Amino acid sequence: MSPSVAALVPLVVAYLVGALPFGYLVGRARGVNLFHAGSGNIGATNAARVLGRSFGVLVFVLDFLKGVVPVAAAVPLANALDAGAATAFGAPDVVRVGAAALAFLGHLFPVYLGFRGGKGVATGAGTVFVLVPIPAALSILTWVVVLFASRFVSLASLAAGTVLVAAHLVSAPAPFGENALPITLYLVIGTALVFVKHRANVKRLLAGTENAVGEFSMRQPVLRSIHVLALGLWFGGAAFFNFGTATAIFASFKEVVNAGPSDRTAHQVIIPADAPQEQKNALASALAGSAVGPVFPRYFAMQAVCSVIALLTALSWWKLGGVHRWRVLVIAFALATVAVAWPISDEVTRLRLLRFNPDSAIADTAKAGFASWHLVSLGLSFVTVSAAGVALALAGRLPADAKSAV
């Protein structure tokens with residue numbers, strides 16, 4: 001078997017597996033045709049609505065797995081048929097993305113049911129969980145938070161798809177580069193298809209007539225837990241980094257440079273002991289900046305995720321008025337400071353390195369800009385931590401139960 005033919009086999013298998021209509025089969029096993037019940041869809045949401053939540057979970061898990069298995073098995077299966085099959089189309093990721101796309105399309109247009117299928121959320125989630133685990137995890141987290149906050153499954157699915165694409169574009173080093181392009185295109189096109197399949201839901205959401213999941217006993221406790229956890233991580237992480245970690249790192253490098261050579265420099269001379277103090281301070285600052293700089297993108301990403309989760313959960317209590325509206329406003333303000341501080345932090349990191357440029361003109365300009373922007377960055381960090389702390393304090397006035405939140 002030629003490599004190109006061997007590489008096609010996992011794609012065919014992916015479509016046939018993705019097309020397995022588990023929702024329809026589970027419904028039939030219960031004596032119900034999901035095409036003629038509820039919303040008329042064979043996905044997990046309608047299965048839960050018509051058959052009960054336990055069967056809805058079962059259908060979701062099965063649909064999720066029929067996205068995971070074909071993608072995870074695509075390259076091993078291709079290589080088992082022919083050693084060079086995984087690179088027949090240029091790269092293993094092309095085979096994986098092809099399997100993901102066909103499993104996803106199989107769910108949307110199953111050959112077994114006359115090409116009439118579900119909306120693709122669970123199967124799509126399974127495929128991306130293998131392709132891009134971290135963006136997929138953020139997407140699933142978004143789905144859970146939005147569902148609990150709004151009780152709209154459709155809104156949760158659309159929000160999850162949007163976050164998936166955004167997280168990939170932000171986290172991938174070159175999302176439109178040759179290596180990552182297949183995955184990027186799959187995520188963008190797949191999310192667009194999810195929006196197309198949900199167009200009726202979007203119309204109902206805009207009209208205020210979309211069906212919401214009924215209130216359930218664990219909704220408010222879970223919402224409160226997620227809200228407090230997000231605020232605690234946000235405030236604690238920001239406060240510890242700004243007032244503990246960062247200052248300690250800069251002090252440590254200054255001590256290392258002034259005390260070296262020592263065991264902390266592997267007993268290597270990194271700067272002569274008789275060097276001017278100004279030169280030592282410059283080296284300490286440069287080294288500390290090199291250590292802290294790579295942390296900032298992750299630090300701000302953590303803040304962004306936590307603040308968005310805190311805001312989404314807080315919005316579910318907006319209608320209660322009073323302190324609950326103040327909660328939303330405080331968190332929204334703090335989120336805005338994060339959005340403004342992130343690019344400023346990137347500029348501070350850039351200027352920090354340029355201060356030591358061999359060209360004195362560039363170095364002098366960078367030093368002047370660094371002083372101003374660094375002060376602004378520190379001020380915004382203080383405001384963010386303060387606002388997050390106020391929001392955490394307001395968490396002491398969360399709704400006590402489902403009745404007070406209705």
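Colleague: Which residues of α6 are buried?

Modeller: In helix α6, Ala 122, Thr 123, Gly 124, Ala 125, Gly 126, Thr 127, Val 128 and Leu 131 are buried, where the word stands for a relative accessible area under 20%, while exposed means over 50% and partly exposed lies in between (1.4 Å probe, protein chains only). Please keep in mind that this is a predicted model, in which local features need pLDDT of at least 70 and side-chain atom pairs count only at pLDDT 80 or more, whereas totals for chains, interfaces and linings use all residues. Residues are numbered from 1 along each chain as its sequence is written, and side-chain values use heavy atoms, with hydrogens and water left out.

Colleague: How do you know whether α5 and α6 are parallel or antiparallel?

Modeller: Helix α5 (residues 92–108) packs against α6 at an angle of about 170 degrees, and their axes are 9 Å apart. Axes are lines fitted to C-alpha atoms, for helices over the stretch in contact, and the angles between N-to-C directions run from 0 to 180 degrees. Angles under 35 degrees count as roughly parallel, over 145 as roughly antiparallel, 65 to 115 as roughly perpendicular and the rest as oblique, so α5 is roughly antiparallel to α6.

Colleague: Which residues of α5 and α6 meet?

Modeller: Arg 96, Val 97, Ala 100, Ala 103, Phe 104 and His 107 of α5 meet Thr 123, Gly 124, Thr 127 and Leu 131 of α6, a contact being heavy atoms within 4.5 Å. By class these residues divide into 5 nonpolar, 4 polar and 1 charged, given that Ala, Val, Leu, Ile, Met, Phe, Trp, Tyr, Cys and Pro count as nonpolar, Asp, Glu, Lys and Arg as charged, and the others, Gly among them, as polar.

Colleague: How are α5 and α9 oriented to each other, and how do you know?

Modeller: The angle between α5 and α9 is about 10 degrees, with the axes 10 Å apart, and the two helices are therefore roughly parallel to each other. Residues making this contact include Val 97, Ala 100 and Phe 104 of α5 and Ile 183, Tyr 186 and Leu 193 of α9. In the contact of α5 with α9 there are 12 nonpolar, 1 polar and 2 charged residues.

Colleague: What makes Tyr 24 and Phe 35 an aromatic pair, and of which kind?

Modeller: Rings of Phe, Tyr and Trp (its six-membered ring) pair if their centres lie within 6.5 Å, and planes under 30 degrees apart count as stacked, over 60 as edge-to-face and the rest as tilted. The count by this rule comes to 10 aromatic pairs. For Tyr 24 and Phe 35, the ring centres are 5.7 Å apart and the planes stand at 40 degrees, so this pair is tilted. Tyr 24 belongs to helix α2 (residues 22–29) and Phe 35 to the loop between α2 and α3 (44–51), 11 residues apart. Tyr 24, at a relative accessible area of 17%, is buried, and Phe 35, at 12%, is buried as well.

Colleague: What kind of pair do Phe 104 and Tyr 186 form, and why?

Modeller: Their ring centres lie 6.5 Å apart and their planes are at 85 degrees, so the pair is edge-to-face. It links distant parts of the chain, with Phe 104 in α5 and Tyr 186 in α9 (residues 181–197), 82 residues apart. Both Phe 104 and Tyr 186 are buried.

Colleague: What makes Lys 66 and Asp 63 a salt bridge?

Modeller: A salt bridge is a side-chain nitrogen of Lys or Arg within 4 Å of a carboxyl oxygen of Asp or Glu, and the N to O distance between these two side chains is 3.4 Å. Lys 66 and Asp 63 are 3 residues apart in helix α4 (residues 53–81), which means that they are separated by about one helical turn. Lys 66 is buried at 4%, and Asp 63 is buried at 2%.

Colleague: How many salt bridges are there by this rule?

Modeller: The count is 3. One of them joins Glu 210 to Arg 204, with the closest N and O atoms 2.7 Å apart. Glu 210 counts as buried at 12%, whereas Arg 204, at 30%, counts as partly exposed.

Note on methods
Helices (H or I, at least four residues) and strands (E, at least two) are DSSP runs, numbered from the N terminus.
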